[in-house]
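Trainee: Before we discuss this model, could we go through the words used for it one at a time? I would like to see each value set against its definition.

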Amino acid sequence: MISIAVIGTGYVGLVTAVCFAEKDFKVICVDKDKCKIDNLSNGIMPIYENGLKEMCESNYQRKKIFFTTDIKYAIENTDVIFIAVGTPSLNSGEADLSQVIEVANEIKEYINNYKVIVNKSTVPVGTQKIVKSIMKTNKNNINFDVVSNPEFLKEGTAINDTLNAERIVIGCDSYKSEEYMRRIYERFDSEKLVVSAETAEMIKYASNVFLALKVTYINEIANICELTGANVIDVAKGMGLDSRISGKFLNAGVGFGGACFPKDVLAIYSLAKSVGYEFKLSKAVLEVNEKQKLKPYEKLMEVMNNNLKGKTIAVLGLAFKPGTDDMRGAPSIIIINKLLEKGAKVKAYDPEAIKNAKKIFGSRIGFYTEVYETIKYADAIIILTEWNEIKFMNLEEALTLVKNKLIIDGRNCIDSVNAMKLGYYYLGIGVPDSSYDNILSKEVAVDYD
Ligand code: UGA
C-alpha cells in the first residue's frame, strides 16, 4: 500500500491529509509549528471547517493519520510526498515560492529511495521544473519524480470537494509517477485528467482567475443595474439558464475575498508579465473588486448624509464567506476600518470568525455571537456574509431592537420583499430600490432619528 506524507497543515494540506486517511491510506502530516502539531494530535483544529474535526479524530484513532514536526522521519517512511505549504504574494505580486523550495531542499537531503514528490500548493507554471532541479542534486543520485496535482477545494465545503472532486488534475512527465498517482486516486470517483506539469499548474490559475472574473463580471453588471433600474438577481437567473454560462458564481455582492482569488489573480498577472504578456483582464478584476468592497459603505454614507459620527452600525458577518472562520481578504476589514475612521461605533457578529477578527480589530469594535444582541440600538445594519443565522434572521423581532430600520445587504441574501413590507429601507447590490416602488417608498421606510 502506498504511504503518504503531507508537508504543511494549512487548509489544503490538512484537508488533503485527512481525506487520504479517510480513504484508508496511512498518512504522516508534517508541520514546523510544534504547537499546531500538538494541538492536532489532541484533536484541536487550527481552522474551522465543517466535518474536519470529526474525520480527523476518527482517522487518528484508527491510526491512519499521524502528526509530527519530524520531516526526516516522514520523508524516509513514505512513498509519495505532497508539498502543501503556503505560497503568499510577494510585494511584486508574484507567488513566494520560498517555502516550497525549502521543503524541496529537505526532501533532497533525506531522500532514501524512489519518491514521488507532488506539488499541491498553488504554484506558478514552471515550479515542477524548479523542484526537479533541486531534487537532481540529491547526493546519492536517488531516483524521483515531481508531479503537479493542484487542489480545487473551497473553504466551507472542503471535505466534500476533496472526497467528491469534480476533477483530479495530474501533471506529470513519467509513466511511473502517473501510475503512483492513479493508484492513489483510483479510490476517488472523480474525472481524472493527466497532462503535462506546466498544463496542470496553469489549469489551477486559469480556473481560479476565471471564477474571480465571473464574480467580478456580475458585480460590474450589478453596478450598471443600479444605474439603469434592472435587477441583477433576475439578470443572473436569466443568464444562468444558458448552460454555457451556468448560474454558479453569479451572485453579485460586496466583492470576493479569501486567501486564493486575490493572490492568484495577482500571481497570474506577474507570471504573464514575466514572459512578456500583459494580462489586462486580471489587473481589471483586482481593481474592480477593491472598489466593490466599499459599496455597502458608500451606500451607508449616502443615506446618512456623509455623517457617521456617533452612529452605531451593526455589521453582520465578518468571514470572507460563510462556512469558514477565515478573515483573509474579507471585505469586512476594509468596511469596518472605514466606519471607524468616520467615527462610527461598530458592533460585529459572526458565528465563527470572531477569534480571527479580534486579531485584526482588537478592542476597536464590539464582538457578538448573537444576531439580535448585535443589532440592538443600531442606526444601520450592514450584511457582509451570508451565514444562515443572518439570512434567516427574524426581521419582525429585529424591528423591536433597531434604532433605524435601515438594512444594507452586501450579499443580496435576506428576503428583501419581506424586509420592505415590514418597513425597512432595504438596499442591496444591483437591486435598485425603484424595482420595489410598488411595495414601499424610500421616504416612508427610512427613519432618520
Ligand atoms: C476558491 C476556489 O473556488 C476553489 O476552487 C480553490 O480551490 C480555492 O479558491 C483555492 O485556490 O484554494 P475559496 O477561496 O474557498 O475557493 O472560496 P470561493 O467559494 O471560491 O469564494 C471566493 C470568494 O468569491 C468569496 O469571497 C465569495 O463570497 C465570493 N463569491 C463567490 C461571490 O461574491 N459571488 C459568487 O457567486 C461566488
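Predicted model: local features only at pLDDT ≥ 70, side-chain atom pairs only at ≥ 80, totals over all residues.

Trainee: What makes α13 largely enclosed by the rest of the structure?

Mentor: Seven of the nine residues of α13 are buried, so the helix is largely enclosed by the rest of the structure. Buried means under 20% relative accessible area, exposed means over 50%, and partly exposed lies in between, with a 1.4 Å probe and protein chains only. The buried residues of α13 are Lys295, Pro296, Tyr297, Lys299, Leu300, Met301 and Val303. Helices here are DSSP runs of H or I with at least four residues, strands are runs of E with at least two, and both are numbered from the N terminus.

Trainee: Why are α9 and α12 called oblique to each other?

Mentor: Helix α9 (residues 197–228) and helix α12 (residues 280–292) pack at an angle of about 55°, with their axes 10 Å apart. Axes are lines fitted to C-alpha atoms, for helices over the stretch in contact, and angles run from 0 to 180 degrees between N-to-C directions. Angles under 35 degrees count as roughly parallel, over 145 as roughly antiparallel, 65 to 115 as roughly perpendicular and the rest as oblique. The two helices, α9 and α12, are therefore oblique to each other.

Trainee: Which residues of α9 and α12 meet?

Mentor: With contact meaning heavy atoms within 4.5 Å, Ala212, Leu213, Thr216, Asn219, Glu220 and Asn223 in α9 meet Leu281, Val285, Val288 and Gln292 in α12. The residues of this contact divide into five nonpolar, four polar and one charged, where Ala, Val, Leu, Ile, Met, Phe, Trp, Tyr, Cys and Pro count as nonpolar, Asp, Glu, Lys and Arg as charged, and the others, Gly among them, as polar.

Trainee: How do you know that α9 and α11 are oblique to each other?

Mentor: The axes of α9 and helix α11 (residues 261–274) come within 9 Å and cross at roughly 120°, and α9 and α11 are therefore oblique to each other. By class, the contact of α9 with α11 has 10 nonpolar, one polar and two charged residues.

Trainee: What is the phi of Asn306, and what is that of Asn412?

Mentor: Most residues other than glycine have a negative phi. Asn306 has a positive phi of about 60° although it is not a glycine, and the phi of Asn412 is also positive, near 45°. Asn305, which follows α13, has a positive phi near 55°.

Terms used
Residues numbered from 1 in each chain as written. Heavy atoms only, no water.
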